[in-house]
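Subject: Handing over a structure

Hi there,

Here is the structure I promised to pass on to you. Have a look at it first, and then read on for my notes.

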Amino acid sequence: MIRLLFSFFALAASLVFAGCGRSDNTVTLSKSEEGLTRLVMQSDWFPQAEHGGFYQALARGFYREAGLDVTINPGGPGSHVRLKVSRGDADFGMLRSDDLAMSVAQGLPLVMVGALMQHDGEALLVHADSPVRDFADLDGQTVMAPLSMVWVSFIQKKYGISFNLVPVQYGLASFFADPKLVRSCYLTSEPFFAQQQGVPVRALSLIDADYDVYSGLIARRELLRDKPEVVRAFVAATMRGWEDYLTGDPRPADELILKSNPQMSQAQLDYSRAAMIKHGIVKGFPEKEEALGAIKLPRLQHEIDRLREFGALDKNVRAEDIATLDFLPEAARAASAH
């Protein structure tokens, strides 16, 4: 699964449409026949294990217990999560924190209310016998990745290297055909497909290059202002869903995911869930005082500072401008302060 960072034109379009939205109006939320508050959650890709917490909360009734009637809208290429949330077409969405910082800098009314993933699983996939052993070895190589990903310029500037960047293609056929090709990937996805095809690979996690971002649960500012109790209930139920999916029986969520995404397989769900646990993607690592949902503002500020340092962000943005701890469950809020 590839996380696409917005292009200039996509962002320009989102700003135009966001300006036509309901940002100046009081937020109203409809009720179901049972009196539950209706909410829409916009995911960033087709249903998969990386959305397991949402589907677990739905399947296990955690949202209903919180008084919520939640619809999960699947994503895919061109999901326009930031646009849909900014306009109020969706109440919540998934967005990387680097993407969020630049969106807020451009005027979109978005706020991270919880960290869905303590560490983004973005990585570079290489063949097992590739001479690329570290990021410095990318010098002179051909790398296939989304052209607008911020980490591209970050890696080249940090290591003083340059590489030939080519647009990413969905699917791994070109990667399998070229043993020299380096390809962006996600730790929970592309290595699984390579394994299925019997192609030995290695993955270089961007975290090891000190490019470490959150995957955030975002909402528009107006919703936080007008319906704080609803936001708090949704965040708590979602975090409960993630905890249950990772430490309990994942089958309730898996059944919904498989029903919603015919291209998904149980084998891939099992691989992705195991990878999220192994790499501490969702819950982080206790030895680092990380926890499910927690947002460490100093870490977020460091990320913003790095974006400015490497020229990806030209406007001064503070961590407090893009994230809030006010809606986190008590344990996550406590972990955020450490």
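Which residue takes a positive phi just after α6? That residue is Gly160, with a phi of about 65°. I will come back to α6 below, after a few words on what you are looking at.

This is a predicted model, so local features need pLDDT of at least 70, side-chain atom pairs count only at pLDDT 80 or more, and totals for chains, interfaces and linings use all residues. Residues are numbered from 1 along each chain as its sequence is written, and side-chain values use heavy atoms, with hydrogens and water left out.

**The chain as a whole**

The protein chain has 15 helices and ten strands; both are DSSP runs numbered from the N terminus, helices being H or I with at least four residues and strands E with at least two. Its radius of gyration is 19 Å, close to the 20 Å that the globule rule gives for 338 residues, so the protein chain is as compact as a globular protein of that length. (The radius is taken over C-alpha atoms, and the rule is 2.2 Å times the number of residues to the power 0.38.) Along the principal axes, the C-alpha trace spans about 60 × 45 × 40 Å.

Of the 338 residues, 55% are buried. Here buried means under 20% relative accessible area, exposed means over 50%, and partly exposed is in between, using a 1.4 Å probe and protein chains only. As for contacts (heavy atoms within 4.5 Å), take those between residues at least 6 apart in sequence: 78% of them join residues at least 24 apart.

**Strands**

An open sheet is built from five strands in the order β7-β6-β8-β5-β9, with mixed pairing. Two strands pair if DSSP finds at least two bridges between them. At the edges are β7 (164-166) and β9 (201-205), each of which pairs on one side only. From one strand to the next, the twist averages 35°, with axes as lines fitted to C-alpha atoms and angles running from 0 to 180 degrees between N-to-C directions. Within this sheet, β6 (residues 142-144) pairs with β7 in the parallel sense over three bridges, and Val143 stands opposite Leu165 in β7.

Elsewhere, β1 (residues 37-42) runs parallel to β2 (residues 68-73), joined over six bridges. Thr37 is opposite Leu68 in β2. Strand β1 is also parallel to β3 (residues 92-96), with two bridges between them, and there Gln42 stands opposite Gly93.

**Helix α6 and two glutamines**

Back to α6, where the buried residues are Val150, Trp151, Val152, Phe154, Ile155 and Gln156. Their cover includes α5 (97-105), β5 (122-127), β6, β7, β8 (182-186) and α13 (297-309). Gln156 lies in this helix, which covers residues 150-159, and counts as buried at 19% relative accessibility. Beyond its neighbours within four places in sequence, Gln156 is in contact with Ile161, Ser162 and Phe163.

Gln56 sits in helix α2 (residues 52-59) and is buried, at 0% relative accessible area. Not counting residues up to four places away in sequence, Gln56 touches Phe62, Gly241, Asp244, Tyr245, Asp249, Pro250, Pro252 and Ala253.

**Aromatic rings**

How many aromatic pairs does a search of the whole structure find? There are eleven. Rings of Phe, Tyr and Trp (its six-membered ring) pair if their centres lie within 6.5 Å, and planes under 30 degrees apart count as stacked, over 60 as edge-to-face and the rest as tilted. Trp45 is buried at 12% relative accessibility, while Phe46 is partly exposed at 38%. Why is the pair of Phe192 and Phe193 edge-to-face? Their planes are at 70° and their ring centres 5.4 Å apart, so the pair falls in that class. Phe192 is buried at 5%, and Phe193 is partly exposed at 33%. Trp45 and Phe46 also form one aromatic cluster with Tyr170.

Arg273 lies over the face of Tyr245, 5.9 Å from the ring centre. The charged end of Arg299 is over the ring of Tyr214, at 3.8 Å from its centre.

Enjoy exploring!

Best wishes

Notes. A charge sits over a ring if NZ of Lys or CZ of Arg is within 6 Å of the ring centre and within 35 degrees of the ring normal.
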